[in-house]
Amino acid sequence: MKRLLLAFLCVISLSGCGTFHTAKPDLHNVELAQVWTTMSSAYYLGCDGTLYSPGADSDATSYVLYQNQKKGIVANDVRFFGEMAGGGFYINTQNELLLWNKSDIPLYGYEKKDGHAVVCTDVIFAECSGRCMLFLKENGELYLAGEFGDEEYTIKEPKLLGNGVTAADTDGTFVIWTNADGELLSYGTAKHPIWFDQQILKQVCAENVRELHLERHYVAILTDKSLWCCGEDGKLQRLGEEIKTVSCARRTLAALESDGSVRVWGRCIGNGATQTDTAEYVILNGEIVAENATSVMVSDSTLNYVGNNGISYVFYADGWPEFYGNATKDRCVGIGREPNSWIK
């Protein structure tokens with residue numbers, strides 16, 4: 001009870017509590033391009049490249065560092081962003097990779113006293129998982145930095161994994177990537193070798209691969225033509241066509257179709273209008289849960305999308321409702337009702 005009271009006091013204070021930072025950005029006036037929320041954090045990327053956050057719970061390994069806390073601005077000139085343990089990262093329009101964290105990370109050349117710091121240049125994609133980081137350079141070279149099994153690599157002397165890389169992902173112990181020659185390559189030890197059968201997946205990679213998603217129970221591959229998924233049963237399935245992008249979590253896969261429809265496979269927050277205190281889940285098999293979307297993101301507790309009106313819409317299971325919008329203060333908002341959003 002004492003911890004809940006302390007957490008509540010942290011949220012209502014703009015100065016935060018310890019390293020728990022919160023803010024009140026005026027998001028109903030911002031045209032958004034992307035939204036990223038979890039049970040412990042939320043980030044909103046404006047179409048002008050401004051990254052906002054209402055807060056991040058450091059008790060749950062999340063941490064946000066503001067450049068302008070009064071306006072809830074994390075950074076400007078952002079092209080791509082993501083979270084990492086105890087902080088976050090982003091790539092700006094100059095293709096510089098910047099980090100912020102509540103701890104020093106020597107292998108990444110990061111010191112917390114520097115705040116938002118450039119750690120690498122000429123980067124077009126990055127992914128953090130556990131204690132390691134993948135980053136893809138403008139010239140198509142894919143590198144690994146951080147701790148990976150018994151290995152350590154600094155960001156100044158990273159491990160080169162491949163050339164001509166088109167897509168990549170890691171779960172912290174295993175890396176997969178594809179190249180322009182249509183090859184599917186890997187490094188490390190797969191936790192579930194049955195679904196990483198190169199003979200099965202090789203036929204998919206003959207098409208141009210745009211996205212790879214490596215999750216605990218499956219691997220998803222988005223090509224120019226189709227969305228493919230291979231689970232622990234080793235069966236390869238084509239889930240759809242005309243897919244623009246995919247977002248994956250441990251038990252959930254969401255696809256944004258070219259017409260703006262959002263389809264979901266796996267576990268999804270199913271609460272209706274009268275179920276507001278306890279999270280209830282449903283299992284979906286590609287059902288449409290939203291329309292007129294321009295981006296989509298899932299975590300293990302949230303489903304988010306941005307509409308073609310530039311407004312974010314968030315379904316969530318518990319967490320911090322004030323991070324997800326101001327249309328409702330309900331603890332749980334599922335697909336059986338209207339999502340939370342930012343309104344005047």
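Two strands pair if DSSP finds at least two bridges between them. The views below all come from a predicted model.

**Figure 1. I269 faces Y281 across a strand pair.** I269 stands opposite Y281, a residue of β25. The strands in this view are β24, residues 262-269, and β25. They pair in the antiparallel sense, over eight bridges. Strands of a sheet pair through backbone hydrogen bonds, either parallel or antiparallel.

**Figure 2. Four strands form an open sheet.** The order is β22-β23-β24-β25, and the pairing is antiparallel. Strands β22 (243-248) and β25 (281-290) stand at the edges. Each has a single partner strand, so one side of each is left without a neighbour in the sheet. From one strand to the next, the twist averages 20°. In a regular strand, side chains alternate between the two faces of the sheet.

Figure 3. Strand β16 covers residues 174-179, and β17 covers residues 184-188. The two run antiparallel and are joined by five bridges. V175 stands opposite Y187 in β17. Four residues lie between the strands of this hairpin.

**Figure 4. D77 sits in a loop between two strands.** The loop links β5 (73-75) to β6 (78-84). Is D77 buried, exposed or partly exposed? Its relative accessible area is 30%. Buried means under 20% and exposed means over 50%, so D77 counts as partly exposed.

**Figure 5. D77 meets residues from other parts of the chain.** Leaving out residues up to four places away in sequence, D77 touches G49, I91, N92, T93 and Q94. With Q94 there is a polar contact, side chain to side chain, at 3.5 Å. G260 is 183 residues from D77 along the chain. The C-alpha atoms of D77 and G260 are separated by 26 Å.

**Figure 6. The whole protein, for orientation.** The protein has two helices and 29 strands. Its radius of gyration is 20 Å, close to the 20 Å that the globule rule gives for 344 residues, so the protein is as compact as a globular protein of that length. Along the principal axes, the C-alpha trace spans about 55 × 45 × 40 Å. Of the 344 residues, 56% count as buried. The protein exposes about 15,700 Å², and carbon and sulfur atoms supply 48% of that area. Among contacts with a separation of 6 or more, 42% come from residues 24 or more positions apart.

Technical notes: Residues are numbered from 1 along each chain as its sequence is written. This is a predicted model: local features need pLDDT of at least 70, side-chain atom pairs count only at pLDDT 80 or more; totals for chains, interfaces and linings use all residues. Side-chain values use heavy atoms; hydrogens and water are left out. Axes are lines fitted to C-alpha atoms, for helices over the stretch in contact, and angles run from 0 to 180 degrees between N-to-C directions. The radius of gyration is taken over C-alpha atoms; the globule rule is 2.2 Å times the number of residues to the power 0.38. Buried means under 20% relative accessible area, exposed over 50%, partly exposed in between (1.4 Å probe, protein chains only). Contact means heavy atoms within 4.5 Å. Accessible areas come from the Shrake-Rupley method with a 1.4 Å probe; for residues, only the protein chains shown count as cover. A polar contact is a pair of N or O atoms within 3.5 Å; within protein, one must be able to donate a hydrogen and the other to accept it, and residues adjacent in sequence count only if both atoms are side-chain atoms.
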